[in-house]
Amino acid sequence: MDNNNISGSSSEEIKLVESCLDTVLSGRDLDEDTLYKLTEINTPEGIEALLDGAAKITRTFCPRVFDTCSIANARSGRCSENCKWCAQSAHFDTGCSHYDIIDHDTCMAMARDNAEKGVHRFSLVASGRKTSGKALDAMISMLKEVKAKYPIHTCASLGLLNKDELKQLWDAGVHRYHCNLETAPSYFHHLCTTHTIEDKIATIDAARELGFEVCSGGIIGMGETRRQRMELAITLRRVNPHSIPINILSPIPGTPLGKMPLISEEEVLIAIALFRFAHPKVQLRFAGGRARLSDESMIRAMEVGINGATVGDLLTTLGRTIAEDKVAVAKAGYQWAEHETQETK
């Protein structure tokens with residue numbers, strides 16, 4: 001970039017990015033005040049520098065192996081929680097399908113299909129505040145069977161479990177647990193009042209104490225500010241995640257966010273860059289909502305910071321096909337991770 005042909009404000013933004021990049025590449029974490037300063041970058045030249053800087057961090061610290069996971073909707077609908085983005089909440093009329101537990105044969109078929117397509121991980125995700133009792137026993141049994149039968153790693157996202165319940169998962173060979181913080185602490189109460197971020201962190205802390213790898217991220221585009229996206233990224237440092245899913249809101253008719261305007265593709269890329277500066281070595285995983293992005297933005301997102309994805313169809317929305325994702329991953333210069341290619345706990 002020719003610094004002689006840019007405005008004074010752009011020049012200051014570029015200097016900020018260069019300073020932050022030097023800090024990160026030297027192996028030091030950026031402090032919170034500096035991270036928040038990055039959210040104020042607004043000129044085209046400053047934004048380009050931010051994206052390019054994040055891409056350099058990704059190339060420096062992240063393996064060129066693209067991690068994938070798939071999810072099965074293990075229990076659908078009738079959720080007691082009032083999360084304003086969610087089609088499965090019993091508080092809203094969304095037409096979401098309802099069932100208490102996934103059929104055993106359906107679960108096995110999904111796991112086998114994903115394993116055959118080279119997906120690295122398979123997770124059961126259940127609606128509700130938490131999964132307990134016979135439902136938890138059934139899901140643990142299915143995950144144990146998947147692990148025994150198919151070349152695919154198992155994960156779970158079963159709500160606000162306690163340590164004893166998490167121990168049952170661990171003993172069944174499930175060693176990664178997912179629990180999104182969803183959004184910034186300063187914004188969470190605007191979106192959900194039936195539980196708190198601290199409730200989520202308590203479950204994550206219990207999982208980490210048992211040895212679980214943690215998968216925890218959030219959703220962008222729910223009306224939060226760019227600064228609040230960084231607040232989420234900073235809060236995630238508390239839980240030391242191995243993987244940070246970044247969802248883009250898909251407004252669901254019938255939910256309070258059903259008419260929320262879509263955030264721009266540029267804003268999605270900026271959010272990814274901000275997360276990468278806050279988490280230089282953590283896997284950033286594209287999850288829900290990315291299907292609407294252009295191919296160009298998908299490739300750019302992978303360059304800037306995305307090095308993992310939830311693939312196939314999602315809980316209540318459609319995703320991209322695995323074949324499409326494999327093409328994009330290759331174009332971005334990544335190798336598709338198979339079950340055998342990465343070490344897991």
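Figure 1. Where pLDDT is low, the predicted coordinates should not be read in detail. For the chain as a whole, the average pLDDT is 92, and 93% of the residues score at least 70. Here is how to read this view and the ones below: this is a predicted model, in which local features need pLDDT of at least 70 and side-chain atom pairs count only at pLDDT 80 or more, while totals for chains, interfaces and linings use all residues. Residues are numbered from 1 along each chain as its sequence is written, and side-chain values use heavy atoms, with hydrogens and water left out.

**Figure 2. The largest nonpolar core holds 104 residues.** Such a core is a set of buried Ala, Val, Leu, Ile, Met, Phe, Trp, Tyr and Cys residues joined through side-chain atoms within 4.5 Å. Buried means under 20% relative accessible area, exposed means over 50%, and partly exposed lies in between (1.4 Å probe, protein chains only). Which residues touch the most other members of the core? They are L38, L169, Y177, F277 and F286. The element that gives the most to this core is helix α10 (residues 265-278), with ten residues. Helices (H or I, at least four residues) and strands (E, at least two) are DSSP runs, numbered from the N terminus. If you zoom in on F277, you will find that it touches, beyond four places in sequence, V17, C20, L21, V24, L30, L35, L38, L50, G53, A54 and I57.

**Figure 3. Helix α6 (residues 163-171) has E165, L166 and L169 as its buried residues.** Because these three cover an arc of only 100° around the axis, they sit on the same side of α6; the arc is that of the directions from the helix axis to the C-beta atoms. D164 and D171 are exposed on the other side of α6. What do the buried residues of α6 pack against? Their partners are α5 (133-149), β3 (153-157), β4 (176-178) and α8 (197-210). At the start of α6, the backbone nitrogen of D164 has a side-chain oxygen of N162 within 3.1 Å. G173 follows α6, and its phi is positive, near 90°.

**Figure 4. E165 and K130 meet through their side chains in a salt bridge (2.9 Å, N to O).** The pair ties together parts that are 35 residues apart in sequence, because E165 lies in helix α6 and K130 in the loop between β2 (121-126) and α5. A salt bridge is a side-chain nitrogen of Lys or Arg within 4 Å of a carboxyl oxygen of Asp or Glu. E165 counts as buried at 10% relative accessibility, whereas K130 counts as partly exposed at 29%. The structure holds 19 salt bridges.

**Figure 5. E303 and R300 form a salt bridge (3.4 Å, N to O) between their side chains.** Both residues lie in helix α11 (residues 295-304), three residues apart, which is about one turn of the helix. An α-helix has 3.6 residues a turn, so residues three or four places apart point the same way. E303 is partly exposed, with a relative accessible area of 32%, and R300 is partly exposed at 22% relative accessibility.

**Figure 6. R226, in helix α9 (residues 226-236), is buried, with a relative accessible area of 16%.** Its side chain makes a polar contact of 2.8 Å with the side chain of E267. A polar contact is a pair of N or O atoms within 3.5 Å; within protein, one must be able to donate a hydrogen and the other to accept it, and residues adjacent in sequence count only if both atoms are side-chain atoms. Which residues join R226 in a network of salt bridges? The network links R226 with E224, R229 and E267. Leaving aside neighbours within four places in sequence, R226 is in contact with T39, I41, N42, E267, I270 and L274.

**Figure 7. S10 lies in helix α1 (residues 8-25).** Is S10 buried or exposed? S10 is buried, with a relative accessible area of 1%. Apart from neighbours within four places in sequence, S10 is in contact with T43 and E45. S10 and T43 are 33 residues apart along the chain, and their C-alpha atoms are separated by 5.9 Å.

Terms used: Contact = heavy atoms within 4.5 Å. pLDDT = per-residue confidence, 0-100.
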